[in-house]
Amino acid sequence: MRIRGFTIVEVTVTVAIISIIFVLTAAFIVDSLESQRYLSEQNDAIEESRRAIATMTAELRETVASDAGDYPLESLNNQEIIFYSDVDNDDNTE
C-alpha cells in the first residue's frame, strides 16, 4: 500500500514560490506607500505655497504711496519686498 502525500522537494518548492510572491507583493506595497507619502508631501507644499501667494497678493494690493510722497514699492530684492501700506487702518501709511 502506498502512502499519499507531498515529498520534501514539493513542499520546499511550494514554500519558495509562496515566499517569492510574498516578497514581491511586500516590495510593491512599500513602494506604493512611499510614492503616496511623496505625493502627499508635494501636495501639502503646493497648498502652502498657494496660501502664501494669496496672502502676499492681498498685502501687495494694499500698497499706496507713503505719507512723504515716496513710491509704493520701496525695495524689491530676490528674497524681500518692502512697500508702504496702511496696515492698521489709522489713515497713516506705514
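How many residues apart in helix H1 are Arg37 and Glu41? I looked this up in the model, which is predicted. Arg37 and Glu41 are four residues apart, so about one helical turn separates them.

**Entry 1: salt bridges.** I found a count of three salt bridges. In one of them, the side chains of Arg37 and Glu41 meet with an N to O distance of 3.2 Å. I noted Glu41 as partly exposed, because its relative accessibility is 43%.

I then turned to Glu47 and Arg50, whose side chains also form a salt bridge, at 3.2 Å from N to O. Both residues belong to helix H1 and are three residues apart, about one turn of the helix. Glu47 is partly exposed at 31% relative accessible area, whereas Arg50 is exposed at 54%.

I next examined Glu48 and Arg51, where the salt bridge has an N to O distance of 2.8 Å. This pair likewise lies in helix H1 with a spacing of three residues, about one turn. I recorded relative accessibilities of 46% for Glu48 and 48% for Arg51; Glu48 is therefore partly exposed, and Arg51 is partly exposed.

**Entry 2: nonpolar surface.** I located a nonpolar surface patch of about 490 Å², made by Ile8, Val9, Val13, Ile17 and Ile21. I checked Val13, which is in helix H1, spanning residues 8–60. Its relative accessible area is 43%, so Val13 counts as partly exposed.

**Entry 3: Ser85.** I placed Ser85 in the segment after strand S2 (81–83). Ser85 is buried, because its relative accessibility is 4%, under the 20% cut-off. I found a polar atom of the Ser85 side chain 3.3 Å from the backbone oxygen of Glu62.

Conventions:
Residues are numbered from 1 along each chain as its sequence is written. This is a predicted model: local features need pLDDT of at least 70, side-chain atom pairs count only at pLDDT 80 or more; totals for chains, interfaces and linings use all residues. Side-chain values use heavy atoms; hydrogens and water are left out. Helices (H or I, at least four residues) and strands (E, at least two) are DSSP runs, numbered from the N terminus. Buried means under 20% relative accessible area, exposed over 50%, partly exposed in between (1.4 Å probe, protein chains only). A polar contact is a pair of N or O atoms within 3.5 Å; within protein, one must be able to donate a hydrogen and the other to accept it, and residues adjacent in sequence count only if both atoms are side-chain atoms. Patches are made of residues with over 30% relative accessible area and no salt bridge: like charges are joined within 9 Å, nonpolar side chains (Val, Leu, Ile, Met, Phe, Trp, Tyr) within 5 Å. Accessible areas come from the Shrake-Rupley method with a 1.4 Å probe; for residues, only the protein chains shown count as cover. A salt bridge is a side-chain nitrogen of Lys or Arg within 4 Å of a carboxyl oxygen of Asp or Glu.
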